[in-house]
Amino acid sequence: MSYQDEEEGATFDGTAGSFPKDFGYGLFDGESEGTSSSSDQKPRILLMGLRRSGKSSIQKVVFHKMSPNETLFLESTNKIVKDDINNSSFVQFQIWDFPGQIDFFDASFDYDMIFSGCGALIFVIDAQDDYIDALHKLNLTVTKAYKINPSIKFEVFIHKVDGLGDDFKMESQRDIHQRTADDLNDSGYDQIHLSFHLTSIYDHSIFEAFSKVVQKLIPQLPALENLLNILNTNSAIEKSFLFDVVSKIYIATDSTPVDMQSYELCCDMIDVVIDVSWIYGIKEEQEPAALDDQSSSLIKLNNGTVLYLREVNKFLALVCILREDNFEQKGIIDYNFLCFRDAIQRVFELRNKNNSPGTSTASNVAVTNTSNDESSS
Ligand SMILES: Nc1nc2c(ncn2[C@@H]2O[C@H](COP(=O)(O)OP(=O)(O)OP(=O)(O)O)[C@@H](O)[C@H]2O)c(=O)[nH]1
């Protein structure tokens with residue numbers, strides 16, 4: 001089995017989508033290349049599934065801003081393609097895209113090495129196709145991976161659901177759920193937990209599903225959720241997301257349920273802010289950055305709701321949804337936000353202190369220090 005490091009921009013020039021591929025990518029202030037975790041230490045998210053199930057498309061759309069229509073021209077993957085996700089820099093990991101025809105009984109497939117450093121395994125099932133073979137492969141894959149590394153998070157993407165009606169979607173999910181549980185029982189692995197997500201690259205569901213996968217690998221998630229809950233309560237905010245700006249993955253949200261529409265609105269807001277700041281906000285000689293410490297934006301919707309965005313650091317933004325009436329107390333909201341930003345920085349400073357260099361846990365995503373040069377208050 002051969003490996004291939006994907007050269008950034010070699011196969012896709014990043015012109016599709018609403019902002020450039022290299023927008024805001026890079027290291028934190030004062031950090032040199034040598035200080036970031038090396039490729040081998042970065043935790044892995046594996047993308048597996050049958051041929052043409054949509055693995056490469058998912059990776060390209062979520063992390064390389066490829067427009068969904070362009071995925072029609074993607075060629076079949078015939079090698080394991082390793083992609084370093086350091087574009088967002090906040091959460092760093094590698095995605096390994098596997099060829100659909102991979103054979104676990106092939107002696108050259110070093111699955112000990114592959115599964116041992118793996119944080120999450122995403123198995124993609126094409127819901128528009130007959131999925132019986134895929135379920136067989138899923139069972140084979142998760143049992144093999146579990147034997148080597150029981151701490152892997154197993155995620156099943158029931159993919160390409162854009163072509164399916166709502167009833168059929170639900171029915172497929174139920175059926176796949178049932179069959180995989182039966183298969184795992186039969187093979188004596190009923191302790192393996194699988195999470196299911198209905199996804200499509202043609203809407204935001206793929207970003208939402210990926211957000212949930214990445215969140216499971218962030219050990220600070222409970223602390224972040226708690227901070228968002230406190231912020232919401234004290235500022236009369238209805239919903240808030242902490243976004244990794246470039247990928248539009250949300251790395252945390254408060255504990256109220258996420259509804260797709262709110263998430264989509266917040267994603268669209270990020271696109272608008274970045275597009276506008278790209279056109280008007282950045283001087284030529286400066287290194288492009290998605291946001292700076294002054295970035296904020298306010299969008300009033302005609303249903304009496306306000307979307308409010310504030311920069312947390314170079315790579316993270318807080319996007320809140322609240323009633324227009326409650327936004328009258330903007331001073332309080334801004335003050336609470338500064339406290340929130342300060343607390344977030346302290347959460348990650350603590351982690352960095354606890355983690356001596358080179359000892360990042362393989363299954364958790366590496367989180368880089370978020371502190372800005374400027375004082376936050
Ligand atoms: N309708 C629909 N088509 C999709 C979706 N995702 C991917 N596709 C299409 O599925 C086809 C196969 O996608 P790929 O990403 O090449 O599949 P793959 O799993 O990487 O395939 P291999 O490299 O052969 O293993 C492409 O024509 C994509 O446009 C989706 O969400 N909906």
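A word on terms before anything else: helices here are DSSP runs of H or I with at least four residues, numbered from the N terminus. And keep in mind that this is a predicted model.

Now H4 itself. It covers residues 166-186, 21 residues in total. From first C-alpha to last, H4 reaches 30 Å, close to the 30 Å expected at 1.5 Å a residue.

Which residues of H4 are buried? Ile 176, Thr 180 and Leu 184. Look down the axis of H4: those buried residues fall within an arc of 55°, so they line one face of the helix. The general rule is that an α-helix has 3.6 residues a turn, so residues three or four places apart point the same way.

What does that buried side pack against? Strand E5, helix H3, strand E6 and strand E7. The face turned away carries exposed residues, among them Asp 167, Phe 168, Met 170 and Arg 174.

Zoom out. The protein has 8 helices and 13 strands. Of its 377 residues, 38% are buried. Take contacts between residues at least 6 apart in sequence: 74% of them join residues at least 24 apart.

Last, the ligand. There are 22 residues around it, and Gly 54, Ser 56, Ser 57, Thr 77 and Gly 100 come nearest. Helix H1, residues 55-64, gives the largest share of that shell, 3 residues. By type, the shell divides into 12 polar, 5 nonpolar and 5 charged.

Terms used. Residues numbered from 1 in each chain as written. Predicted model: local features only at pLDDT ≥ 70, side-chain atom pairs only at ≥ 80, totals over all residues. Helix = DSSP H or I, 4+ residues; strand = E, 2+ residues; numbered from the N terminus. Buried ≥ 20, exposed ≤ 12 C-beta atoms within 10 Å, placed from the backbone. Contact = placed C-beta atoms within 7 Å. Expected span 1.5 Å × (residues − 1). Arc of directions from axis to C-beta. Near = placed C-beta within 6 Å. Nonpolar A, V, L, I, M, F, W, Y, C, P; charged D, E, K, R; others polar.
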